[in-house]
Amino acid sequence: MRTGKPALIAAVTLMLIAITYFANGKLNPAETRGGETAGGLFSRADDEDLETRVGKLETALQSANQIQLQLLELVEELRQRLEQSAPAEPGTETRTAALKRSVAANDIRDQHLSREERYQQYRDMQRQRLIDAGLNPDRAEFILQKQERFQFEHMQVAYRYRHLADKSSTDAAELREQLDIYSNPRKMFEHELSAQEFDLYLEANGGRQEMRVDRVISDTPAAAAGLQPGDKIVSYNGERVFHMGDLRAQIYKVDPGETVPVEVQRAGSSSTETIYVPSGPLGIQG
């Protein structure tokens, strides 16, 4: 059965009448002792104590609340039926059905994909991201193959280090250094790709990154070299740096007493230049 607006209006009217009558003492749905209405609870004060009258009042109010709740539920039900009976916008049902069919088809297809097929989908997505960044398809495939090779070699080095008896040996130190390199694929590709390809690779994987100088401490190698807040450090001793951790790791690798080339990009400039600083901490925050 479909209910229209008149039924909804009638239900609201009924609710208002019921509440009004009860408040005025003219409706008593619960029939309290002695037949008192809500108004009578206050008028018969001569033969009943206060506690008894309060108890009757609580009973009457509880009954009123139940009536209001039922009426509100009825109004909500009528409202929902009214909305369901309203005509849909042109094309809505067709679009909804098509969307449901599309979602169902995707779910069924995904459920039947093997792990190999899922991996191939992910690999194709990576390849397309590299192509969209500007790399040609052959170089994009080269990068993906190298990436897979790096993962295998990383596992080999980790396996050798895990089963090395003496972790304080020279071999262990070399393996730790290799692990540090393999743990950062960007470092690996920096030496496998041209500078232009490397920038495109970075863009495809989150954008080009350089370490920005936030503050230069006075009387330090950085201050003596003329570094300023806003400058970017692109590389240190020929190795690309992307954040403060990269820079710190490169600084520790250079022996004391050496002179180190640092490639920087000045604030507001699109070109880079090379400055030379003594090995050790630069005296910057970034």
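Colleague: How do α5 and α9 sit relative to each other?

Modeller: This is a predicted model, and in it α5 and α9 are oblique to each other. Their axes cross at roughly 125 degrees and come within 8 Å.

Colleague: Which hand is the crossing of α5 and α9?

Modeller: Right-handed.

Colleague: And which residues make the contact?

Modeller: From α5, R129, L130 and A133; from α9, L200, Y201, E203 and A204. By class, the contact of α5 with α9 has 5 nonpolar and 2 charged residues, with no polar ones.

Colleague: Staying with α9, which of its residues are buried?

Modeller: E197, F198, L200, Y201, L202 and A204. The cover over them includes α5, α6, α8 and β4.

Colleague: What follows α9?

Modeller: G206, with a positive phi near 115 degrees.

Colleague: Is Q147 itself buried or exposed?

Modeller: Buried, because its relative accessibility is 17% and the cut-off for buried is under 20%.

Colleague: OK, next pair. How are α6 and α7 arranged?

Modeller: The two helices, residues 137–162 and residues 170–182, pack at an angle of about 150 degrees, with their axes 10 Å apart. That angle is over 145, so they count as roughly antiparallel. The crossing of α6 and α7 is left-handed.

Colleague: Who meets whom there?

Modeller: On the α6 side you have F150, E153, H154, V157, A158, R160 and Y161, and on the α7 side A172, L175, R176, Q178, L179 and Y182. Sorted by class, the contact of α6 with α7 has 8 nonpolar, 2 polar and 3 charged residues.

Colleague: What is V213 in contact with?

Modeller: Setting aside neighbours within four places in sequence, Q228, P229, G230, D231, I233, I284 and Q285. The C-alpha atoms of V213 and D231 are separated by 5.4 Å, and the two residues are 18 apart along the chain.

Colleague: Is D219 buried or exposed?

Modeller: Exposed: its relative accessible area is 78%.

Colleague: And what about phi at N237?

Modeller: N237 also isn't a glycine, and its phi is positive too, about 55 degrees. You'll find N237 in the loop between β3 and β4. With a relative accessible area of 38%, N237 is partly exposed.

Colleague: Over to the strands, then. Where is the place of P278?

Modeller: P278 is in strand β6, which covers residues 273–278. At 44% relative accessibility, P278 counts as partly exposed.

Colleague: What does P278 touch?

Modeller: P221 and E258, if you don't count residues up to four places away in sequence. There's also A225, which is 53 residues apart from P278 along the chain, and the C-alpha atoms of those two are separated by 9.8 Å.

Colleague: Last bit, the overall numbers. How many helices and strands does the protein have?

Modeller: There are 11 helices and 7 strands. Of the 286 residues in the protein, 30% are buried.

Colleague: And how much of the contact count comes from residues 24 or more positions apart?

Modeller: They account for 54% of the contacts with a separation of 6 or more.

Colleague: What does the accessible surface come to?

Modeller: About 18900 Å², with 52% of that belonging to carbon and sulfur atoms.

Notes
Residues numbered from 1 in each chain as written. Predicted model: local features only at pLDDT ≥ 70, side-chain atom pairs only at ≥ 80, totals over all residues. Heavy atoms only, no water. Axes fitted to C-alpha atoms, helices over the stretch in contact; angles between N-to-C directions. Helix = DSSP H or I, 4+ residues; strand = E, 2+ residues; numbered from the N terminus. Parallel < 35°, antiparallel > 145°, perpendicular 65-115°, else oblique. Left-handed = near helix turned anticlockwise from the far one by under 90°. Contact = heavy atoms within 4.5 Å. Nonpolar A, V, L, I, M, F, W, Y, C, P; charged D, E, K, R; others polar. Buried < 20%, exposed > 50% of the residue type's maximum accessible area, 1.4 Å probe, protein only. Areas by Shrake-Rupley, 256 points an atom, 1.4 Å probe, with all protein chains shown as cover.
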